[in-house]
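Biologist: I have a structure to look at and some labels to question. Can you take me through what each label rests on?

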Amino acid sequence: MPDKKAFVEAIKAGYTFKGDSAKIGVGMLDGQPVDGADVLLPLRTMNRHGLIAGATGTGKTKTLQVLAELLSDNSVPVLLMDIKGDLSGIAATGKVNDKITERYQHLGLTYSPAAYPVELLSLSKEPGVRLRATVSEFGPVLLSKILGLNDTQAGFVAMIFKWCDDNKLPLLDLKDFTKVLQYVSDEGKAAMEKEYGKISTTSTGTILRKVVELQQQGADQFFGEKSFEVDDLMKIADDGRGIISVLRVTDLQDRPKLFSTFMLQLLAELYGSCPEEGDIDKPKLVIFIDEAHLIFQEASEALLQQIETIVKLIRSKGIGIFFCTQNPMDVPKDVLAQLGLKVQHALRAFTAADRKVIKQAAENYPETEFYKTDELITQLGIGEALVTMLNEKGIPTPLVHVLMISPRSRMDVLSPEEINALVASSRLIKKYNAEIDSVSAYEMLNAKLQEAAGEAEKEEQQPVKKGKEEKSMLEEMLESPAARQVGRTAASVITRSLLGALGLGGTSRRKKSLW
């Protein structure tokens with residue numbers, strides 16, 4: 001039997017920090033909570049990312065909720081990706097029951113229910129603040145990666161963006177991008193090839209098909225105005241607590257490409273716009289991604305590399321990312337290696353493949369004399385977890401079996417009436433939810449084409465001037481049906497050339513923010 005005194009000393013040595021910290025639970029030995037074995041979380045390491053893993057129904061989402069509450073209490077803004085739709089209750093006060101009372105007695109704490117400052121966000125037409133980005137702000141590199149284009153096609157997309165910049169054609173939504181692709185493949189092809197190089201009809205056709213595929217996943221709701229500014233994710237409430245932004249994406253479970261698009265854009269914008277912070281006492285923002293496998297599911301190799309790169313670098317901006325998933329193997333190994341905090345809830349061993357996964361998961365944790373990790377993972381109760389994290393020096397803390405504290409807010413969803421009331425009180429709704437359809441590439445190109453077509457029609461309809469009563473042989477030849485057909489053909493060629501060479505006006509609408 002492990003020595004209880006040695007266990008308490010090991011926990012105190014591993015989980016005592018100089019800076020601000022928050023209690024997340026108490027250490028357990030032989031299945032029982034141990035007095036004095038408090039497990040604390042150092043705030044200054046929360047930008048070093050983390051993992052919350054475990055089978056369905058073992059308490060992952062509640063752990064995510066607890067960490068969000070602790071961060072908010074310490075004036076750290078939080079962004080929650082609510083895939084299953086069960087995190088909105090954080091905006092409402094929790095309720096006491098016998099199980100919670102008993103748990104808090106074991107923890108040596110008093111349960112005090114609380115509601116937290118919440119802003120509901122949405123990528124679709126669900127109630128909440130709309131998140132959008134324009135195509136121009138998204139950029140050719142990221143758009144090409146999302147569409148899964150090869151190097152030749154990506155180079156053509158970059159050329160399209162350059163041509164639009166040079167001609168002051170704002171690319172605000174996908175219909176703008178589609179219209180430009182159609183234009184440079186037809187009326188504007190000659191002029192563009194003269195200035196930028198040969199255009200492949202095959203490439204434009206492939207890119208158009210890829211755009212349609214993205215549109216079928218609902219991307220039209222994401223691309224457009226008004227772009228969301230990431231500074232609005234980093235707000236503090238009037239009472240000093242960090243605002244918890246809950247992005248409700250329950251309707252994106254079957255649209256992984258759109259979800260990946262949004263996440264990569266958000267991370268890229270945060271990385272690009274936030275200054276380097278170095279070592280700070282607490283993070284500027286912490287992002288929790290529930291059902292994180294949706295980010296990596298069906299993602300291309302290029303997209304995965306982009307995500308891995310940003311995860312590695314973004315912590316220097318004071319931003320932490322936490323992945324919540326059933327199986328640690330859902331997260332690519334290069335990303336997994338960057339995660340400082342690991343909270344492992346129970347895994348179930350029903351098959352030989354399950355046992356193999358559990359063995360691999362156990363090998364990812366520090367060795368310990370107090371537990372048989374691979375066995376304990378299958379025996380953890382609801383609201384219990386194996387925990388290890390980085391201390392203030394970046395050294396992993398001892399692995400500990402923890403009885404986790406429970407959320408102080410509601411462990412259930414808000415009603416539709418409560419959601420509507422929360423949205424009505426939002427500070428950001430007026431800023432982002434107005435429907436805007438500014439004049440952009442689509443409208444400008446259509447106007448130019450209509451103008452050119454009108455001019456050609458006028459020329460054809462002009463009356464023939466009356467000449468002498470007797471016409472010369474030359475005049476008769478020119479007015480013959482064959483001559484008139486030749487004239488129409490020549491006019492058509494001239495008109496098309498003019499369309500291709502049109503100088504396109506307008507004002508660029510590129511913004512500083514990518515959101």
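Modeller: Start with a loop. Asp30 sits between β1 and β2 (32-42), in the loop that joins them. Keep in mind that this is a predicted model.

Biologist: What makes the phi of Asp30 worth a remark?

Modeller: Asp30 is not a glycine, yet its phi is positive, about 55°. Most residues other than glycine have a negative phi.

Biologist: Why is Asp30 called exposed?

Modeller: Exposed means over 50% relative accessible area. Asp30 has 51%, so the label applies.

Biologist: Which other residue has a positive phi without being a glycine, and where is it?

Modeller: Ser75 has one, with phi near 65°. Ser75 lies in the loop between α2 (60-73) and β4 (78-82). Its relative accessible area is 28%; that falls between 20% and 50%, so Ser75 is partly exposed.

Biologist: What is the peptide bond between Glu225 and Lys226, cis or trans?

Modeller: Cis, with omega at about 5°. Most peptide bonds are trans. Lys226 is in the loop between α9 (201-216) and β7 (244-248). Lys226 also belongs to a network of salt bridges with Glu229, Asp232, Lys235 and Lys431.

Biologist: How many salt bridges does the whole structure have?

Modeller: The search finds 17. Side chains of opposite charge can pair when their charged atoms come close.

Biologist: How do you know that Arg241 and Asp239 form a salt bridge?

Modeller: The cut-off is 4 Å between nitrogen and carboxyl oxygen. Their N to O distance is 2.9 Å, so the pair qualifies. Arg241 is buried at 19% relative accessible area, because the limit is under 20%. Asp239 is partly exposed at 48%.

Biologist: What makes Glu276 and Lys317 a salt bridge?

Modeller: Their side chains meet at 3.6 Å, N to O, and the limit is 4 Å. Glu276 lies in the loop between α10 and β8 (285-290), Lys317 in the loop between α12 (301-314) and β9 (319-325), so the pair ties together parts 41 residues apart in sequence. Glu276 is exposed at 53%, whereas Lys317 is buried at 8%.

Biologist: How far apart are the closest N and O atoms of Lys284 and Glu277?

Modeller: They are 3.2 Å apart, and the two residues form a salt bridge. Lys284 is partly exposed at 23% relative accessible area. Glu277 is partly exposed too, at 28%.

Biologist: Why do the buried residues of α3 line one face of the helix?

Modeller: The buried residues of α3 (residues 98-107) are Ile100, Arg103, Tyr104 and Leu107. Seen down the helix axis, they fall within an arc of 95°, so they line one face. On the other side, Asp98 and Gln105 are exposed. The buried residues pack against β1 (21-29) and β12.

Biologist: What is in the largest nonpolar core?

Modeller: That core has 153 residues, and Phe177 and Phe323 have the most contacts inside it. Helix α10 (residues 256-273) gives the most to the core, with 8 residues. Beyond four places in sequence, Phe177 touches several residues, including Val135, Leu143, Phe161 and Val211. In the protein as a whole, buried residues make up 51% of the 515.

Biologist: Which element has the lowest mean pLDDT, and which the highest?

Modeller: Helix α20 (residues 481-500) has the lowest, 38, and strand β12 (residues 400-404) the highest, 96. Over residues 466-478 the pLDDT is below 50, and this stretch has 6 contacts beyond near neighbours in sequence. Residues 480-515 also stay under 50; the model has 66 contacts for them beyond four places in sequence. For the protein, the mean pLDDT is 82, and 85% of its residues reach 70 or more.

Conventions:
Residues are numbered from 1 along each chain as its sequence is written. This is a predicted model: local features need pLDDT of at least 70, side-chain atom pairs count only at pLDDT 80 or more; totals for chains, interfaces and linings use all residues. Side-chain values use heavy atoms; hydrogens and water are left out. Buried means under 20% relative accessible area, exposed over 50%, partly exposed in between (1.4 Å probe, protein chains only). A nonpolar core is a set of buried Ala, Val, Leu, Ile, Met, Phe, Trp, Tyr and Cys residues joined through side-chain atoms within 4.5 Å. Helices (H or I, at least four residues) and strands (E, at least two) are DSSP runs, numbered from the N terminus. Contact means heavy atoms within 4.5 Å. pLDDT is the predictor's confidence in each residue, from 0 to 100. The arc is that of the directions from the helix axis to the C-beta atoms.
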